[in-house]
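Hi,

Here is the structure I promised to pass on. Have a look, and my notes follow below.

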Amino acid sequence: MSEITTQLPKADDATKKKIQTWLTGSYDADTKKQIQSLIDAGKEDELIECFYKDLEFGTGGLRGLMGVGSNRMNKYTIGAATQGLCNYLKKNFPGQPLKAAIAHDSRNNSDFFARTTAEVFAANGIQVYFFKALRSTPELSFAIRHFGCQTGVVLTASHNPKEYNGYKAYWNDGAQVIAPHDKNIITEVQKITSIDDVNFNANKSLITEIGEEVDNAYLNEIVKLTVSPDAIKRQKDMKVVYTPIHGTGIVLVPEVLKRFGFENVRVVQEQAVPDGNFPTVVYPNPEEKDALSMAVKQATEWNADLVMATDPDADRVGIAIKNDKNEFQLLNGNQTGSLLILYMLQAWKNANKITGKEFIVKTIVTTDLIEKIAKKFGVKYYNTLTGFKYIAAKIKELEGKEQFIAGGEESYGYLIGDSVRDKDAIASCAFIAEMVAYAKDQGKSLYDMLLDMYVEYGFYKEHLISLTKKGKTGAEEIQTMMKELRATPPKTLSGSPVEWMFDYDSQLATNLTNGTTKKIELPQENVLQFKTADGTLVSARPSGTEPKIKFYFSVNEPLASRAEYAAVDKKLDAKIQTLISDLKLA
């Protein structure tokens, strides 16, 4: 390793050893050539980033930049992760025939990574149900339970930039893996000390291609959940503009809308073709205004009622609706989620289906407005950690005891019914359209419903700041920020005393006015929340899948009437800006 030591003076010994292993081990010639080119070009910093650690499971499994190295998405990191998963499955289900379902989105290399995953499973004697063409994340979740699989994998990096890809691992309930499985799978992966421990020699007879038959089974389950079919019949000509933003949504969103009875749906053709380069957008993220700009333009010209956009793997959906000025206004995830849950609970109440055993679920950084709505309808609500896998875990825990109606999280992910165990933009698009049709059938717009909800339950406004801190130094900077917040929590925020600090890492809630503590009954996670006397909530959370730290702000005020919306909106905006300033984030 002497030559590597000379050429890479800044790298530590462990990193140098990894690089040497990849240069001399059973890796393909192209991989070795890429590494050597980086060395020869003197790109030591880039090499260190590629090799200084192994990709780890976060809230969504593996996710990272594509490229060579142990800290990149490539054939070998995916192969090792899959081999570790295979080894863990064999320990967990001894003597049982094992089955896995695999899907992929439209990202560059997703099909190759999916095929690699399938081949490693099949090489380990595991029956594979392999979607022969791109399919959404929620359909993968459905397929796991449909085929009675012990696991499943979808290759996607959701809404991340085109340079990223990811590997989401699922368990036999159709949900993403959670503790202890996530950590235990990583332990098994870490036991693989050589790429020679990974079996890439697939038994091709164990790979079964699947497609339309699963589509039909999945769509049938969604259609069963409709709550306002008569309203749709009367509003079947309602104008809907939809964009899949070059992703998998194109496969089933137009079809589910058709099956629900909507006959006037237009797809943004420039964004209809799946393309991992996402040529018409900077980020394929339905949270971003720019990602919906083409759809909004088309909807404005057509005088449409609703705009919907899904991300590349179609688990999240963003929408735009007409406001009182007849202009399209984007709703955030908290607004759409609150409206969907309010709509579903109202429909269940109207049908006399609420018995006291129903429940909804949200995450701790999602608006508390949802809790207020659930209480009003006498429906139980549960808070979980951030990540839809925790919502799925709650559904599994209560299966057979209580009935799940709907759930959601602020990051544009929602679920209606429990045939899927992940956020589902396919079903969500159908129910958002149904909700707009229901409002229209009553002579209202969805914007009217939004303001009426605020008048009845209070005007809750949320805001998110996401700070990107790349690489090793970025990770250290994020750790320092969290450490300082714990050591010296703010005494006031926006002029209101901070009463509680919720530390989900220590699993303790501390009353900062008198020092008393109480246990937080949720799994451990590196999240901090501060709650003030006036109900303001600020959350700090390092992302589990991206080099970011996120700050969530939630403020609220009563809203006496629709007429006061603009004034109260302005007041809440000012309050959020004060919070940002108080925390020195701007």
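First, a helix pair: α3 (residues 29-40) and α4 (residues 44-51) pack at an angle of about 140 degrees, with their axes 8 Å apart. Helices here are DSSP runs of H or I with at least four residues, numbered from the N terminus, and axes are lines fitted to C-alpha atoms over the stretch in contact, with angles from 0 to 180 degrees between N-to-C directions. The two are therefore oblique to each other (under 35 degrees is roughly parallel, over 145 roughly antiparallel, 65 to 115 roughly perpendicular, the rest oblique). Their crossing is left-handed, i.e. the near helix is turned anticlockwise from the far one by less than a right angle. Ile35, Leu38 and Ile39 of α3 meet Glu46, Leu47 and Phe51 of α4 (contact means heavy atoms within 4.5 Å).

This is a predicted model, so local features need pLDDT of at least 70 and side-chain atom pairs pLDDT 80 or more, while totals for chains, interfaces and linings use all residues. Numbering starts from 1 along each chain as its sequence is written, and side-chain values use heavy atoms, without hydrogens and water.

Then the second largest pocket, at about 660 Å³. A pocket is an open set of points on a 1 Å grid over the protein atoms alone where a 1.4 Å probe fits, with protein on both sides within 12 Å along at least five of seven lines; lining residues have an atom within 4 Å of a point. The volume is the space filled by probe spheres set on the points, which are joined across faces, edges and corners. Of its 25 lining residues, Lys18, Trp22, Asp54, Ser70 and Ile192 are closest to the centre. The largest share, five residues, comes from α2.

Cheers
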